[in-house]
Amino acid sequence: MNDNAIPHSANLTQQWLKRYGWEILPHPAHSPDLAPSDLHLFGPLRRLLGGMAYETEGDLVGELKNCSSSSSSNSSAIVVVVVVVVVVVVVVVIVVVVAVVVVSYCYSNS
């Protein structure tokens, strides 16, 4: 995915992606839309809100606030999901940093 951030659009990165035949998916920088990496959020939301009907957006927001402030198992599930998301993001950042270091090292030695 390319959001035109400097690490993604640098010549070195572009050459590496082209060399290994990786497909670059477009994604505008600072897009308000969901990135493919956010799609994991839909499962827990569907389980939390499945079968519910809301008249207005305010009703839905109120229900979400009630769920997040209550001590129900749904709240616990949301906390677990948030913790898992944070851990996954940290791991992805580490992997990207390592990949950039490896690619930089490989190009500097060739």
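Ile-78 sits in helix H5, which covers residues 73-108. Keep in mind as you look around that this is a predicted model. With a relative accessible area of 31%, Ile-78 is partly exposed, because partly exposed residues fall between the 20% limit for buried and the 50% limit for exposed. Ile-78 also belongs to a nonpolar surface patch of about 550 Å², together with Val-82, Val-86, Val-90, Ile-94, Val-98 and Val-102. Take a moment to read those residue numbers along the chain. An α-helix has 3.6 residues a turn, so residues three or four places apart point the same way.

Now let us move to helix H2, which spans residues 11-19 and contains Thr-13. Is Thr-13 buried or exposed, or something in between? Its relative accessibility is 24%, so Thr-13 counts as partly exposed.

Next come the aromatic rings. How many aromatic pairs does the structure hold? There are two aromatic pairs. One joins Trp-16 and Tyr-20: their ring centres are 4.9 Å apart and their planes meet at 50°, so this pair is tilted. The other joins Trp-16 and Trp-22, with ring centres 5.0 Å apart and planes at 70°, so that pair is edge-to-face. The dividing line here is an angle over 60 degrees, which is why the two pairs get their separate labels. Trp-16 takes part in the pair with Tyr-20 and in the pair with Trp-22, and Trp-16, Tyr-20 and Trp-22 form one aromatic cluster.

How open to the outside are these three residues? Trp-16 is partly exposed, at a relative accessible area of 22%. Tyr-20 counts as partly exposed too, with 45% relative accessibility. Trp-22, at 53%, counts as exposed, because exposed means over 50% relative accessible area.

For a last stop, find helix H3, residues 42-49. Which of its residues are buried? They are Gly-43, Leu-48 and Leu-49. After H3 comes Gly-51, and the phi of Gly-51 is positive, near 80°.

How values were computed:
Residues are numbered from 1 along each chain as its sequence is written. This is a predicted model: local features need pLDDT of at least 70, side-chain atom pairs count only at pLDDT 80 or more; totals for chains, interfaces and linings use all residues. Side-chain values use heavy atoms; hydrogens and water are left out. Rings of Phe, Tyr and Trp (its six-membered ring) pair if their centres lie within 6.5 Å; planes under 30 degrees apart count as stacked, over 60 as edge-to-face and the rest as tilted. Buried means under 20% relative accessible area, exposed over 50%, partly exposed in between (1.4 Å probe, protein chains only). Helices (H or I, at least four residues) and strands (E, at least two) are DSSP runs, numbered from the N terminus. Patches are made of residues with over 30% relative accessible area and no salt bridge: like charges are joined within 9 Å, nonpolar side chains (Val, Leu, Ile, Met, Phe, Trp, Tyr) within 5 Å. Accessible areas come from the Shrake-Rupley method with a 1.4 Å probe; for residues, only the protein chains shown count as cover. A salt bridge is a side-chain nitrogen of Lys or Arg within 4 Å of a carboxyl oxygen of Asp or Glu.
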